[in-house]
Amino acid sequence: MPQSKKSNMMEDEKGVQALWHLEPKDMTKDGIKHSFSSSLQYGLAKDRFTATPRDNFMALGMALRERLVERWIKTQQRYHRDNVKRVYYLSLEFLIGRLLGSYILNLGLTDQTQKALEEFGLDVEKVRDEEVDAGLGNGGLGRLAACFLDSMATLGIAAHGYGIRYDYGIFNQKIVNGYQVESPDEWLKHGNPWEFARPEYAQKIKFYGNTNMYHDKKGRLCVEWVNTEDVIAMPYDMPVPGYQNNIVNTLRLWSARGSEEFDLKYFNDGDYEHAVYEKMFSENISKVLYPNDLTSMGRELRLKQEYFFTAASVADLIRRFKEDNALFRNFPDKAVIQLNDTHPTLAIVEFMRILLDEEQMDWETAWDLTVRSFAYTNHTVMPEALETWPVPTFEKLLPRHMQIIYEINDRFLKELASEYPGDPDRLGRMSLIEEGNPKKVRMAHLAIIGSHSVNGVSELHSSLLKTQLFRDFFEVFPEKFNNKTNGISHRRWLMKSNRPLAKLITEAIGEGWEKDLYQLEKLAPHKKDRLLKKKWQQVKLDNKKILAEIIRSQTGLLVNVDSMFDVQVKRIHEYKRQTLFILYAISQYLKLREDPKAAIAPRTFIFGGKAAPGYYMAKLIIKFINNVANVINHDKVNRDKLKVVFLENYRVSLAEKIFPASDLSEQVSTAGTEASGTGCMKFMMNGALTVGTHDGANIEIAQAVGAENIFMFGLKAHEVRDLKRGGYNPGSFIERSPHLREIFAMIRGDFFSPMESGIFEPLVNNLTQSDPYLVCADFESYCAIQDKISEEYQDPEAWTEKAILNVARSGKFSSDRTILEYSRDVWDIPVKTPK
């Protein structure tokens with residue numbers, strides 16, 4: 001090419017680049033002010049006279065969005081230009097909560113935003129309160145996914161989250177006459193300022209139909225999936241910024257749309273309902289988080305949800321791979337697909353279907369690429385919680401995938417039979433198909449054999465996977481199994497939700513811990529510093545006053561801020577043992593009734609959490625807690641010594657007020673039942689001490705802080721197992737516990753339900769006859785450790801020193817550490833450790 005022509009082309013390219021170049025958005029206070037007023041006027045067509053509080057939130061959101069987008073585009077351009085290896089994180093839940101505060105923090109605009117709004121006469125906290133929690137998750141699983149996305153962006157990992165854009169998230173909870181009452185969570189009612197629709201990347205998702213098999217001219221077996229009912233997966237993108245590093249990753253959520261808006265023929269014939277039936281039926285897929293699976297239709301909808309989002313995600317990530325790569329055999333070098341629990345396991349089969357049916361690969365090559373590309377995180381230790389699907393339902397909904405699963409299973413069992421000849425029991429235990437009527441597909445087994453990595457989420461959990469739950473698989477694939485103890489984003493759970501404590505920490509040890517949480521260890525030598533302890537106590541008291549006001553406004557109850565705030569907030573489930581906590585509260589109440597002058601350390605027992613709508617016993621536990629609260633709180637014998645509070649509608653934004661105000665963290669699940677738990681980490685990071693069983697991450701917290709700085713009690717996992725094997729009889733423990741005998745007699749005598757006779761009989765029968773989670777067995781040990789806690793709380797200086805040490809040793813429990821371990825051990829992605 002002549003030099004002059006080449007020069008002209010380069011000049012033209014520079015000209016095009018100049019046309020597309022925009023000056024970066026001003027990150028100063030004045031820049032925020034200008035963007036805010038511009039967004040209000042030109043984006044919302046409002047002025048200062050007509051703007052509502054919601055408008056102010058939307059305008060601020062749009063102002064921040066501009067700054068996010070310019071970093072977002074540059075980040076994605078760099079990922080494509082450098083053809084980096086990407087992580088695709090598939091999760092049915094993303095409990096992201098409110099995002100405005102996190103975006104402000106990660107952009108480094110906290111002070112600028114506050115000052116800008118003050119000049120408009122606005123309070124940034126009140127503006128933030130206008131945002132609705134995005135409750136796209138049920139609890140720890142979804143919150144973990146959100147923390148992981150934050151850490152991946154902060155560490156500069158090219159990551160993409162994939163999930164479902166539910167129209168209605170986890171339900172809103174009201175407490176009416178002590179009962180949980182659910183109502184829809186209309187989080188999209190007023191729009192979502194953070195999302196961007198991407199219709200150009202919509203995917204067609206198939207269901208039902210049948211398969212046709214034939215051989216092509218080259219003799220290769222070909223399979224067509226035909227006569228399907230199709231649904232459109234519409235993607236919506238949300239930015240995920242790293243902490244002050246100009247990196248913005250993507251969370252892509254899929255929404256279901258009908259393949260046709262309506263049938264014109266039915267409409268013209270006057271059958272208006274039938275005309276839009278397909279659209280309505282299709283869109284049910286992304287309508288609600290976790291449809292009730294007590295009915296066959298509910299179970300089928302749940303399976304549809306899982307295939308819908310995994311199929312759309314796999315198609316999308318393959319599309320992205322092909323943009324920058326020509327050879328499919330390089331896929332594992334450029335992408336890794338992490339499954340967050342068993343819900344996305346269908347992605348393995350869908351990936352195989354595409355490689356076999358669309359890419360025309362042979363089985364061995366396709367399976368090798370699949371295993372090298374997928375990794376699986378397990379989140380349960382209970383066999384009954386492992387997901388299975390009835391074969392008839394699966395076969396009807398996904399006929400081609402059922403064929404592939406049968407083939408995977410056939411090949412796998414043949415390999416097993418050759419390695420373990422004469423051991424048919426092992427083949428039955430490890431088969432992907434559980435025999436019975438009907439037969440069922442074991443999704444966890446599929447996830448294990450279809451992935452190159454299988455990890456638990458705490459040291460105890462990972463050990464139990466290898467020695468109990470998946471022992472057979474560990475014996476066959478020991479190299480696959482590893483541990484990745486969960487972590488939390490300290491940016492959300494300390495820097496954002498407890499700014500006074502974060503500021504105090506920086507005063508004490510300087511900056512740097514924000515990006516490397518292990519630097520909190522520098523606090524330990526200062527734990528006896530009198531001025532630090534005094535300031536620490538004041539921060540805790542101020543946070544308790546904030547929570548006390550929330551309690552007053554929500555329940556009308558005045559609580560003593562000088563009392564110990566003793567807190568258990570989490571999903572309501574029998575294994576989490578909210579019953580143990582409330583039975584202890586009753587025992588303290590009985591002491592006061594017997595002796596009103598008894599020296600009892602004042603406590604406020606605080607509960608929060610939601611029960612699954614179809615979980616009868618969990619909902620009865622909520623009712624019981626509220627009835628007990630009603631009796632205790634209205635008995636004058638208490639004065640300010642005891643209060644019981646149930647905070648309704650527990651969610652991320654409420655949790656951000658609870659953790660900073662807590663003195664004692666209740667982590668009392670039966671040993672061997674909690675995979676990890678991350679609530680314990682949030683309490684610890686905010687200076688609460690832990691009372692806990694030898695379960696999940698409690699064990700690792702104890703290792704980090706030392707036995708003298710945590711309150712451990714109860715049976716250990718192997719003792720629980722031995723007790724159950726020997727024939728557990730709760731009656732023998734009740735007989736040895738005068739407190740339990742008296743409490744159960746009171747409940748049976750309707751002391752806590754005088755107008756609702758017998759209402760708690762099922763709860764008492766469950767505890768006294770079967771007690772599946774050993775509440776009675778651990779009760780006396782629990783009371784004994786609580787007596788020690790009450791005694792130690794009377795010494796505020798020593799208690800504060802323990803609190804400071806707990807925060808100092810919380811560095812291990814950052815999700816940054818967890819993600820660094822995934823990157824090193826599972827994803828094979830080098831990451832620079834934050835400086």
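A residue counts as buried when its relative accessible area is under 20%, as exposed when that area is over 50%, and as partly exposed in between. The structure described here is a predicted model.

**Ser-662 and helix 26**

With a relative accessible area of 0%, Ser-662 falls under the 20% cut-off and is therefore buried. The residue sits in the loop between helix 26 (652-661) and strand 23 (664-667). Residues up to four places away in sequence aside, Ser-662 touches Lys-540, Phe-565, Val-567, Phe-683 and Ala-688. A polar atom of the Ser-662 side chain also lies 2.8 Å from the backbone oxygen of Ile-658. Asp-795 is 133 residues from Ser-662 in sequence, and the two C-alpha atoms are 17 Å apart in space.

| Residue | Relative accessible area | Class |
|---|---|---|
| Ser-662 | 0% | buried |
| Arg-320 | 8% | buried |
| Gln-203 | 17% | buried |
| Tyr-179 | 34% | partly exposed |

Arg-320 belongs to helix 11 (residues 296-324). Its value of 8% is under 20%, so Arg-320 counts as buried. The side chains of Arg-320 and Tyr-162 are joined by a polar contact of 3.0 Å. Apart from neighbours within four places in sequence, Arg-320 is in contact with Tyr-162 and also with His-80, Arg-86, Tyr-88, His-160 and Arg-252.

Gln-203 is in strand 8 (residues 203-207).

Tyr-179 is located in strand 6 (residues 179-183). Its relative accessibility is 34%, so Tyr-179 is classed as partly exposed. Together with Val-176 and Val-181, Tyr-179 makes a nonpolar surface patch of about 230 Å².

**Helix 14**

Which residues of helix 14 are buried? In this helix, residues 363-373, they are Trp-363, Ala-366, Trp-367, Leu-369, Thr-370, Val-371 and Ser-373. These buried residues pack against several helices, namely helix 12 (331-334), helix 13 (346-358), helix 16 (399-419) and helix 18 (443-449). They also pack against strand 13 (335-340) and strand 14 (374-377). The N-terminal end of helix 14 is capped by Asp-362, which has a side-chain oxygen 3.2 Å from the backbone nitrogen of Glu-364.

**The protein as a whole**

The protein contains 35 helices and 25 strands. Its radius of gyration is 28 Å, close to the 28 Å that the globule rule gives for 835 residues, so the protein is as compact as a globular protein of that length. Taken along the principal axes, the C-alpha atoms fill a box of roughly 95 × 75 × 65 Å.

Of the 835 residues, 58% count as buried. The accessible surface comes to about 34800 Å², and carbon and sulfur atoms account for 52% of it. Among contacts with a separation of 6 or more, 76% are between residues 24 or more positions apart.

Key: Residues numbered from 1 in each chain as written. Predicted model: local features only at pLDDT ≥ 70, side-chain atom pairs only at ≥ 80, totals over all residues. Heavy atoms only, no water. Patch = residues over 30% accessible without salt bridge, like charges linked within 9 Å, V, L, I, M, F, W, Y side chains within 5 Å. Areas by Shrake-Rupley, 256 points an atom, 1.4 Å probe, with all protein chains shown as cover. Salt bridge = Lys/Arg side-chain N within 4 Å of Asp/Glu carboxyl O. Helix = DSSP H or I, 4+ residues; strand = E, 2+ residues; numbered from the N terminus. Buried < 20%, exposed > 50% of the residue type's maximum accessible area, 1.4 Å probe, protein only. Contact = heavy atoms within 4.5 Å. Polar contact = N/O pair within 3.5 Å; in protein donor to acceptor, adjacent residues only side chain to side chain. Rg over C-alpha atoms; globule rule 2.2 N^0.38 Å.
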